[in-house]
Amino acid sequence: MTTHPIDLLLTGIGTLVTPLGIRPLRGTDMQQVQTIHRAAVAIRGKTIVAVGTEHDVLRQIEKVPVLQTVDLEGRLVTPGLVDPHTHLVHGGSRENELSLKRAGVSYLEILAQGGGILSTVRATRAASPAQLLTQATRSLNEMLLQGVTTVEAKSGYGLTVEDELKQLEVARKLHEFHPVDVVSTFLGAHAIPEEYKANPEGYVQLVIEQMLPAVAERELAEFCDVFCEEGVFTADQSRRILQAAQFLGMTPKLHADEIESLGGAELAAEVGAISAEHLLAASDAGLAAMAAAGTIAVLLPGTSFNLGAAPARARDMIDRFHLPVALATDYNPGSSPTESIQLIIALASLKLRMTPEEILTAVTLNAASAIGRAQEIGSVEPGKRADLAVFDAPNLAYLPYHFGINHTFAVVKNGRVVVWERRRV
Ligand code: NIG
Ligand code: FE
């Protein structure tokens, strides 16, 4: 330990729980989290420098000046939560679809009638960058208050070169000025826009020949995602788009087998996607292929819950296929209108039958891995970034157990206390 001062020393941690490492944990290894009672964390600048029992940490930093000490009075601490799949930046909302859905009109029928994603496309095209920024900031604030310190944000409601760039530029601005880090994904292939209804292939060409190069040139997205679904993009179209993106240096992701099984899981494995999302209808062969390829399964239980669909086969994915599983809100105005990662934590327990330890791994280290950030975030260990969530909870199981409220008391982001007593500071 050098004698440079410790900027922030967190003491009085009742229980610290964290997965360990810089790689996703697979299958039953997701259960292996480290639990330290009466813990402390020492932070220098943006980086964690010591973690352990209070006794051990104080001994390690014995000769080092400490600039600020914060007593967490017995609370629960975890890594800052990571939400690796959101459609954060969009215009408008779709509460008007509630009555259609209650009348039995399906998600894909609403889309085929020009509603659904296409109605958000109209609202997003009509919105100015400033309006999109205001709306997304409100959501990002909500996420931060829940303990989220990094989110992924997808485009996909512009569906023209200009409007896709507009969404991604708003995401970049959010990343620059908001405490929460925003990682961008280009999802130009989210729906066939109305003007290409009679010529879907023409739209695929537009994505490949114009959108992808424009996004790559401006370095506006690290990842490229496609909504591979019946009546949206076929497996063949998805493959061509993802391969073109890879050629430009973007890493593939895939909305795979959300409603119908089109071989999305198989395709994600084939192109070496970092993650495949939803997977409600994924086949056994597809899950096995993903496990062999190391593709992370990003499960979105808020979406299946809200669509009234059967949940993803999380137990099979973990126990039989030994997959690394991550969890996300899928925050979007249609299939999952919630910013609440803590609702997702509860649903993962209630609907996916995941254990509290598996859930923690899925919203921290595995979520960070799904957006290529496991080297820096996702666990509380020396050398990782000082992103931490502090909960008013006696233990980890309490988070999924006591559902429907926000348990977050404080948030540390990049070594600074940014939420305290449930408020932004
Ligand atoms: O992940 N399925 C495609 N995209 C989103 C929903 C988008 C919307 O309905 O606006 C999803 O579920
Ligand atoms: Fe999504």
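This briefing walks through the two ligand sites of the structure above. It is a predicted model, in which local features need pLDDT of at least 70 and side-chain atom pairs count only at pLDDT 80 or more, while totals for chains, interfaces and linings use all residues. Residues are numbered from 1 along each chain, chains are lettered from A and ligands numbered from 1 as written, and side-chain values use heavy atoms, without hydrogens and water.

**Around ligand 1**
- Ligand 1 is surrounded by 15 residues (a heavy atom within 4 Å), and Tyr107, Tyr157, His190, Glu258 and Ser335 are the closest.
- That shell has 4 nonpolar, 8 polar and 3 charged residues, with Tyr counted as nonpolar and Gly as polar.

- An oxygen atom of ligand 1 lies 2.5 Å from a side-chain N or O atom of Ser335.
- Glu258 has a side-chain N or O atom 2.7 Å from a nitrogen atom of ligand 1.
- A polar side-chain atom of His255 is 2.9 Å from an oxygen atom of ligand 1.
- Of the 330 Å² of accessible area (Shrake-Rupley, 1.4 Å probe) that ligand 1 has on its own, the protein covers 100%.

**The iron ion (ligand 2)**
- His85 (NE2), His87 (NE2), His255 (NE2) and Asp330 (OD) are its protein donors, at 2.1 to 2.3 Å (donors are N, O and S atoms within 2.8 Å of the metal, or 3.2 Å for Na, K and Ca; water is not among the atoms, so sites may look incomplete).
- Along the chain, the donors are spaced H-x1-H-x167-H-x74-D.

Notes: A polar contact is a pair of N or O atoms within 3.5 Å; within protein, one must be able to donate a hydrogen and the other to accept it, and residues adjacent in sequence count only if both atoms are side-chain atoms.
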